[in-house]
Amino acid sequence: MKRTLLTELITQAARQQGYTPYSGAEARLDETAKAFPALWLSPAKLTGCSGRNEGYLTYRIEIFLAHTAGKMTPEAKDALWDRMETDAVGLYCSVAADPAVRQTRNLTCTPDENALTRHATLSMKVGFEVEIPFC
């Protein structure tokens, strides 16, 4: 149930930012992502559990943002990566603002190119942790 909640939060935030959301194992990304800009959500990883009666689950979220790139100047690539980083922070803040989320932490953004699909893409791997109550 908690995993489903996180998927819904991220998918909704992605759509609001203009991304086509996809989810599943990373190995399927190339065959699945057809519309860009795209957001690929890997399955949430349960990384921790704390507390007893009022406990919390910690999930590691990994997202890939991808835009078609074609031939771009280095300056244009940097501008697109800056935009994706801003979008990643927006997604992170959207998840953090939900009342079901206790806290978010450890946001990372790693830019890359041509790493995700056969399409000419610029991408950004986004990761963060989400803590939610399990009781």
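This note reviews the charged side chains of the structure, point by point.

1. The model is predicted: local features need pLDDT of at least 70 and side-chain atom pairs count only at pLDDT 80 or more, while totals for chains, interfaces and linings use all residues. Residues are numbered from 1 along each chain as its sequence is written, and side-chain values use heavy atoms, with hydrogens and water left out.

2. The structure contains four salt bridges, a salt bridge being a side-chain nitrogen of Lys or Arg within 4 Å of a carboxyl oxygen of Asp or Glu. One of them joins arginine 102 to glutamate 131, with 2.3 Å between the closest N and O atoms. This pair links distant parts of the chain, 29 residues apart: arginine 102 is in the loop between α3 and β5 (103-113), and glutamate 131 is in strand β6 (residues 121-133). Helices (H or I, at least four residues) and strands (E, at least two) are DSSP runs, numbered from the N terminus.

3. How do the two partners differ in burial? Arginine 102 counts as partly exposed, at 49% relative accessibility, whereas glutamate 131 is buried, with a relative accessible area of 6%. Here, buried means under 20% relative accessible area, exposed means over 50%, and partly exposed lies in between (1.4 Å probe, protein chains only).

4. A salt bridge also forms between the side chains of glutamate 129 and arginine 105 (3.0 Å, N to O). Because glutamate 129 lies in strand β6 and arginine 105 in strand β5, the pair ties together parts that are 24 residues apart in sequence. Glutamate 129 is buried, with a relative accessible area of 18%; arginine 105 is partly exposed, at 24% relative accessibility.

5. Arginine 105 also meets glutamate 131 in a salt bridge (3.4 Å, N to O). Strand β5 holds arginine 105 and strand β6 holds glutamate 131, and the two residues are 26 residues apart. Through salt bridges that share partners, Arg102, Arg105, Glu129 and Glu131 are joined into one network.

6. Glu75, Asp78, Asp82 and Glu85 form a negative surface patch. Patches are made of residues with over 30% relative accessible area and no salt bridge, like charges being joined within 9 Å and nonpolar side chains (Val, Leu, Ile, Met, Phe, Trp, Tyr) within 5 Å. Asp and Glu count as negative, and Lys and Arg as positive; His and the chain ends are not counted. Within this patch, aspartate 78 belongs to helix α3 (residues 74-97) and is partly exposed, at 43% relative accessibility.

Key. Accessible areas come from the Shrake-Rupley method with a 1.4 Å probe; for residues, only the protein chains shown count as cover. The place of a charge is taken as NZ of Lys, CZ of Arg, CG of Asp or CD of Glu.
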